[in-house]
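Today I am looking up a few local features, one entry at a time.

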Amino acid sequence: MMRMQLAAITLRAMRMRMKTPFTTSFGTEWDKDFILVEVKDVEGRSGWGEAVAMKAPLYNEETVGTVWLMLKEFLIPLLWQQTPGHPRDVAGIFRHIRRNYMAKAALEGAVWDLYAMAENIPLYRALGGERAVIDVGISLGIESSVDKLLAQVEKYVAAGYKRIKIKIKPGWDVDIVAAVRRRFPAIQLMADANSAYTLADSARLVALDEYNLMMIEQPLAHDDIIDHAVLQKQLQTPICLDESIHSVEDARKALALGSGRIINIKIGRVGGLTEAKAIHDLCVGKGVPVWCGGMLESGIGRAHNVAITTLAGFTLPGDTAASSRYWEEDLIEPEVTVHDGVIHVPDRPGIGYMLRRDRIDKYTLYSETFRPETM
Ligand code: OSB
Ligand code: MG
């Protein structure tokens, strides 16, 4: 295809109230603040991406503010200088900029969507996806009581979700997992610590081996793969890495060290769809299962997650739950729905869902449009 001809890029700072607050070992979110990226070409077509950085740098170092700055000052100007021939070129254009993965991913994702729109094919097919139906699980936050958590588990097991992930932290771990397992002996269950432990806690983590968990996600430091390798040797339960993996190189090193046996792939955490696919390909080659993580996305980011999950190596249920689990009204139509634990992947061009521009406007706090200087 021809070099893409970009005409304008619009950034929007968004705020959407979640139906219920979401608590992890690092904090509670009520309002979801995020950035939307719209890339327009000279034909008037649009591609959309979502930056999953949160208001505060608690999951990783990025924030809504840093993403805006990086896009405005560095990443958008780079696209004006070097127009990509194909979306897979974008990662290379951004490569010399250190880190800032979520900022890169949002813009790269919008370029991928625009490319698929221009080619009149679904994004998932542009990525090489094969599945028309994807399996999904759900991630349940920390609650104020075990009974409240059990009620949540009950609700989503009844709704058909294929696996339940519960968030753990010191003081909300072995007893909680035991209670959920006692009540639901047969469900696929896992726990996510979001880096809340150190090797000094390994006895508590070994105690979780009793409960037949599919995996323990990111028990140790966000930037560690060394201690995770030590811990994995002590555990029967597989470790799944989330925060520690930002690239195919990180994944290669972690697997070589034995830091985990499963990888959670988040498009934003790894700098975009191209790198996400590269990590997927590496893992397929090594027989390591992957699944698609979530960052409480709006429908736009959710649609990107649905698309990447269609790749053959995403063999474990992901965190891409239904829109209605998060939002009163989503930014896409139809919204993402889950029945019997699966999402039917739409076969329309681009991300495959229509945009509700009225709602996008309603939840926009402020916006700014950038154009190439020569235009
Ligand atoms: O660690 O996977 C995580 C949400 C925000 C930040 C980090 C994580 C999560 C989730 C929720 O687990 C996944 C979702 O429902 O989108
Ligand atoms: Mg996680």
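I began with charges over rings: I count one if NZ of Lys or CZ of Arg is within 6 Å of the ring centre and within 35 degrees of the ring normal. Arg-325 passes, lying over the face of Tyr-326 at 5.2 Å from the ring centre. I also found Arg-163, whose charged end sits over the ring of Trp-291, 4.8 Å from the centre.

A note on ground rules: this is a predicted model, so I took local features only at pLDDT of at least 70 and side-chain atom pairs only at pLDDT 80 or more, while totals for chains, interfaces and linings use all residues. Residues are numbered from 1 along each chain as its sequence is written, chains are lettered from A and ligands numbered from 1 in the order written, and side-chain values use heavy atoms, without hydrogens and water.

Next, ring pairs. I paired rings of Phe, Tyr and Trp (its six-membered ring) with centres within 6.5 Å, calling planes under 30 degrees apart stacked, over 60 edge-to-face and the rest tilted. I got five aromatic pairs by this rule. Tyr-156 and Tyr-161 are edge-to-face, because their ring centres are 5.6 Å apart and their planes stand at 75 degrees. Both Tyr-156 and Tyr-161 are buried (under 20% relative accessible area, with exposed over 50% and partly exposed in between; 1.4 Å probe, protein chains only).

Then the metal. Which residues coordinate the magnesium ion (ligand 2)? I find Asp-192 (OD), Glu-217 (OE) and Asp-242 (OD), at 2.1 to 2.3 Å. Donors here are N, O and S atoms within 2.8 Å of the metal (3.2 Å for Na, K and Ca), and water is not among the atoms, so sites may look incomplete. Asp-192 lies in strand E7 (residues 189–192) and Asp-242 in the loop between strand E9 (239–241) and helix H9 (248–257), so the pair ties together parts 50 residues apart in sequence. I wrote the donor spacing down as D-x24-E-x24-D. Asp-192 and Asp-242 are both buried.

Last, the strands. Helices (H or I, at least four residues) and strands (E, at least two) are DSSP runs numbered from the N terminus, and two strands pair if DSSP finds at least two bridges between them. E9 and E10 run parallel, joined by two bridges, and I see Cys-240 opposite Ile-262 in E10. The chain goes from E9 through H9 to E10 in a right-handed β-α-β crossover (clockwise from the first strand over the helix to the second, with the strands pointing away from the viewer). E10 also pairs with strand E11 (residues 290–292), parallel, over three bridges.
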